[in-house]
Amino acid sequence: MNGSFTGSYSENFKVAVRVRPPVDREIDPDHGFFSVVRVQDSSSMTIIEYMGIADNDYERELSLRENPSLGNYHTFTFDNVYDQNSTQEEVYEYSGKPAVQSVLEGYNATLIAYGQTGTGKTYTMEGFKFDLTDPQRGMIPRAVEDIFNYIESSDSSDLKFMVRVSYVQIYNEIISDLLKIDRTSLQIREEKKRGVFVEGLSEWAVRGHNEIFALMDRGHTLRATASTKMNDLSSRSHAVFIVIVEQMNTTDEGNEIRVGKLNIVDLAGSERVRVTGATGKRLEESKKINQSLSALGNVIAALTDAKARTHIPYRDSKLTRLLEDSLGGNCKTTMLAMISPAFDAFSESLSTLKFANRAKNIKNVARINEDVDHKALLRKYEVELKHLRGILEGKVDFAPDMQRVYELEEERRKAEADKEAAIEALEMRSREYMSEKEEKRRLEERIRMMNSQMLVGGKKVEESPQFLIALEERQMALKQEYEIKLQELDRERQQIEDDKAQIDRYKQLLLRQRDIMIALTVRLNERDETILLLQDELESLDKLNKQSEEALKKQYLRNEQLEKLLQLSGITVPKKEQLMFS
Ligand SMILES: Nc1ncnc2c1ncn2[C@@H]1O[C@H](COP(=O)(O)OP(=O)(O)OP(=O)(O)O)[C@@H](O)[C@H]1O
């Protein structure tokens with residue numbers, strides 16, 4: 001890889017801290033707010049650890065004023081420290097703009113937002129809406145605006161640009177593409193020329209900020225969809241928005257290509273790691289966030305170890321692997337650590353500051369990525385264009401096929417129209433998303449206002465008429481809900497009883513049938529016995545009959561012998577019939 005080295009090492013890894021203003025829940029309605037953070041100037045700050053016994057912010061403040069030795073004062077210096085009054089514009093100007101400028105010069109640059117949940121990572125990175133007129137817009141809209149302003153202001157026809165974006169998420173150690181729903185379980189690869197990259201991650205060529213905002217909107221929607229399915233996914237995943245700016249400068253010596261890459265990293269809230277009592281899926285999520293953030297801590301510890309360790313454990317998590325170039329590699333990185341100024345968040349804030357303090361010692365070596373890859377898209381397009389021009393010129397010289405030219409022109413117009421329609425649809429979705437976001441913000445604002453009004457009234461919220469009415473309404477609604485539930489239960493009970501009665505009827509029927517069967521069986525047995533008796537009787541009668549016949553036969557033979565004897569003796573024997581009729 002060609003490229004010139006730039007800046008001192010420390011200039012390539014910057015750490016900034018932003019202290020957000022207190023939010024309503026951190027403000028005492030009677031005494032106001034007392035910050036545990038003192039910002040001395042634009043690069044140093046102190047966080048005060050209270051060692052006394054006072055148990056509320058007001059008394060703590062008084063006792064510290066009376067006896068400052070009750071405080072343990074932790075002082076830090078960073079490249080930039082932003083206090084609660086600093087504006088989005090200031091934060092971008094000092095911590096975002098230099099990264100964008102580096103990208104336009106062909107460097108890799110990364111902005112990492114780190115901190116406890118609710119400390120302002122999203123506010124700093126995105127703001128409320130992607131609107132170029134909103135003063136509260138964050139780093140991303142401002143960076144995108146700057147990139148396209150730069151491109152538009154370059155009036156040299158020798159300079160050509162191509163901007164591509166990707167949006168990737170790491171959730172439970174699984175990498176997925178937020179701009180292509182079907183691309184999940186992606187793998188990280190490393191090539192000598194390209195450095196570390198996600199294989200198969202979609203890249204979208206964009207022509208203006210609206211197209212980028214539409215794509216971000218799309219990524220948000222995908223994250224949100226997953227969030228409903230997978231229970232609060234968005235705040236429990238790390239997300240990286242990637243903007244690649246390729247520029248080709250045509251000079252007499254040939255084409256010079258520079259490829260700058262901007263990674264905007266929104267880490268999962270660091271305090272989530274401590275979720276206790278979580279079970280099942282949430283416990284798994286917490287463990288994975290814990291693992292990846294402690295892997296990040298280990299990489300930073302290894303990179304900043306005075307003994308100059310050679311092994312840096314990038315491969316311990318997907319997050320550190322993905323950020324390998326940004327942490328100790330070829331990149332200009334800025335870590336923005338966010339903290340709350342409230343006493344309640346003291347220990348989280350102190351650990352964030354210690355983490356950021358260690359990160360200050362990371363040394364990156366950044367190079368301009370010149371002609372990083374012969375497959376750089378701009379170069380490819382240029383070669384293709386040259387080839388097509390050659391063909392066209394050849395055709396014009398010989399036989400111009402005007403019909404084909406018209407067809408091609410028509411195709412081009414159609415493709416252009418399709419693209420416009422797609423862009424319009426994306427813009428519309430972006431607007432819808434923004435207005436939803438705005439609506440949500442307005443509602444939150446109203447709730448905040450109502451809460452503060454109720455407190456200003458000097459009454460406890462629980463005693464206010466609005467609260468009592470709302471309570472009564474809620475009770476009524478609950479009562480109705482229970483009544484409906486009771487009716488449903490009653491219906492179910494009735495149904496069960498009906499079913500039971502039906503089963504009883506079947507049971508009776510079966511019992512009756514069983515009795516009939518038994519009676520029939522008894523009768524059949526009796527009949528069988530009668531048949532057997534009759535058979536026995538018949539057999540003995542047959543026997544008797546046979547005996548009689550035998551006796552008769554014998555008698556008959558004796559009679560015949562007697563008759564013969566009588567005849568021989570001359571005695572006439574009357575016939576049987578004669579005897580019978582005489
Ligand atoms: N500098 C600031 N000025 C005004 N309001 C701020 C600032 N920073 C944060 N806030 C407000 O504090 C609240 C929490 O901020 P935000 O949602 O950006 O936190 P987060 O760190 O991204 O939280 P999470 O990790 O849950 O996404 C929001 O209402 C936001 O508007």
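Student: What share of the 582 residues in the protein is buried?
Tutor: Buried residues make up 28% of them. Keep in mind that this is a predicted model.

Student: How many helices and strands are there?
Tutor: The protein has 12 helices and 14 strands.

Student: And the contacts, what share joins residues at least 24 apart?
Tutor: The figure is 71%, counted among contacts between residues at least 6 apart in sequence.

Student: Which residues in α8 are buried?
Tutor: Glu348, Ser349, Thr352, Leu353, Phe355, Ala356 and Ala359. They sit on the same side of α8, because they cover an arc of only 160 degrees around the axis.

Student: Why does Thr352 count as buried?
Tutor: Thr352 has 23 C-beta neighbours inside 10 Å. The cut-off for buried is 20 or more, so Thr352 qualifies.

Student: How far is Thr352 from Met338?
Tutor: In space, 7.7 Å, C-alpha to C-alpha. In sequence, they are 14 residues apart. Thr352 is the one in helix α8.

Student: Switching to the ligand. Which residues come nearest?
Tutor: Arg20, Gly120, Lys121, Thr122 and Tyr123. The shell around the ligand holds 14 residues.

Student: Which element gives the largest share of that shell?
Tutor: Helix α3, residues 121–125. It supplies three residues.

Student: How does the shell split by class?
Tutor: Eight residues are polar, four are nonpolar and two are charged.

Student: Now confidence. What is the mean pLDDT?
Tutor: The mean for the protein is 79. As for the residues, 79% of them reach 70 or more.

Student: Which elements have the lowest and highest mean pLDDT?
Tutor: Helix α12, residues 576–581, has the lowest, at 50. Strand β5, residues 80–82, has the highest, at 97.

Student: Where does pLDDT stay under 50?
Tutor: Residues 272–276 are one such stretch. Residues 453–459 are another.

Definitions and conventions:
Residues numbered from 1 in each chain as written. Predicted model: local features only at pLDDT ≥ 70, side-chain atom pairs only at ≥ 80, totals over all residues. Near = placed C-beta within 6 Å. Helix = DSSP H or I, 4+ residues; strand = E, 2+ residues; numbered from the N terminus. Nonpolar A, V, L, I, M, F, W, Y, C, P; charged D, E, K, R; others polar. pLDDT = per-residue confidence, 0-100. Contact = placed C-beta atoms within 7 Å. Buried ≥ 20, exposed ≤ 12 C-beta atoms within 10 Å, placed from the backbone. Arc of directions from axis to C-beta.
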